[in-house]
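Dear colleague,

I am passing on to you the structure that I mentioned, and below it you will find my notes on what turned up in it.

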Amino acid sequence: MSPIDSGRHNRFLRALRQQPVDTTPIWVMRQAGRYLPEYRATRQRAGSFMNLCRSPELACEVTMQPLDRFELDAAILFSDILTIPDAMGLGLSFAEGEGPRFAYPLRTLDAISRLGVPDPEGELKYVPDAVRLIRRELDGSVPLIGFSGSPWTLACYMVEGGPTEKFAHIKKLMWDHPQALHQLLEVLTQSVQVYLEAQIAAGAQAVMIFDSWGGVLAPGDYREFSLANLAKLAQSINRGPDNVPIIVFSRGANGHLEALSQIGADALGVDWTVGLGEARKRTGGRVALQGNLDPAAMYAAPESLRQQVDMVLRDYGTGPGHIFNLGHGITPDVNPEQMRVLVDAVHELGRRRDLFA
Ligand code: CP3
């Protein structure tokens, strides 16, 4: 028995609050996903990715799959960031191997002005329903993370209509009609707020905001079109009686770590292009840090993977406030056995963290 009461049931939440833990907690972005054969089987049964998201029973089933195999310290709701634009009527689909597509991308100012805030207990009810079901199934074993896309990242997908490398449409809108983009971001900020509040009310014990495309903006544009709404959300979300922690992951935005650490979030997700030691200095202890192993390390031999884990842990250094994760999602062709190597290495080496000083 460890002197610190922080077993698997609560070491993730304790680390988010920068309280001492017995070892470093770990969960992995996209931990329920295509690298698991049982996920692929359930998805096949569902018929499509969106059917999987819209069925609370199937979403619960795939949420539990990685936890049945590995000693992960948190579950993450199985869903997608694009449920909000789908509920706004943009007609979301996922073609095999092509990523998301909207049948009706936002290309006119008129279309933007017609958007409304979807009701999270109405057209999005399948999401809080899944949260309620998963909490029951988890039965206190590990905490459940809810999530949403950031307003900026959702706007990128809605205006572009799908994945892009150029961001031509959204940036043209940003420069030619900044007020229209602000109007879109305002509706999205309200939508994300009530969506996350509904997940918290349904039982989510932490929430994460994915700003996957924050890093494509120049610094001034980032502050105006991404950071401002992340701050608004971190400050205005009703976190409920348990004061649910908020994690913000603004991918590729390492130049803004100082600013991000002051918006009122409890933790920041960090990608692997900045060292955790440096990130820790620049964020001044104001937030916990979540990350940041290069996801490609999952292709390395088990012994090399363990070494990389050791380096990430040492870079963070001693003291609380670290949640181990990859710097972005686990990729579909990773051997699932590597996840066991990763989780065991984090827990084993994380117990020796006090020796790192
Ligand atoms: O396990 C988990 O992390 C929870 C589930 C989860 C999914 N998507 C499931 C999913 C989470 C948290 C997301 C977030 C998400 N979705 C983000 C933010 C994180 C990031 O990657 O930056 C983004 C940008 C999306 C949008 C999205 N959804 C894309 C671009 C794609 C296609 C990419 C791909 O890998 O094919 C998806 C589909 C998606 N979302 C899958 C999963 C498991 C794969 C769908 C399938 O089964 O084919």
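Which backbone oxygen does the side chain of Arg239 reach? That of Gly264, at 3.0 Å. Please keep in mind that this is a predicted model, in which local features need pLDDT of at least 70 and side-chain atom pairs count only at pLDDT 80 or more, while totals for chains, interfaces and linings use all residues. Residues are numbered from 1 along each chain as its sequence is written, and side-chain values use heavy atoms, with hydrogens and water left out.

Arg239 sits in the loop between helix H11 (219-236) and strand E6 (246-250), where helices (H or I, at least four residues) and strands (E, at least two) are DSSP runs numbered from the N terminus. With 13% relative accessibility, Arg239 counts as buried, a word that means under 20% relative accessible area with a 1.4 Å probe and protein chains only.

Turning to helix H13 (residues 276-283), its buried residues are Leu276, Gly277, Ala279 and Thr283. They cover an arc of only 165 degrees around the axis, which puts them on the same side of H13; the arc is that of the directions from the helix axis to the C-beta atoms. After H13 comes Gly284, with a positive phi near 60 degrees.

As for the ligand, one of its oxygen atoms is 2.6 Å from a polar backbone atom of Arg30, and a nitrogen atom of the ligand is 2.7 Å from an N or O atom in the side chain of Asp80.

Best wishes

Technical notes: Buried < 20%, exposed > 50% of the residue type's maximum accessible area, 1.4 Å probe, protein only. Polar contact = N/O pair within 3.5 Å; in protein donor to acceptor, adjacent residues only side chain to side chain.
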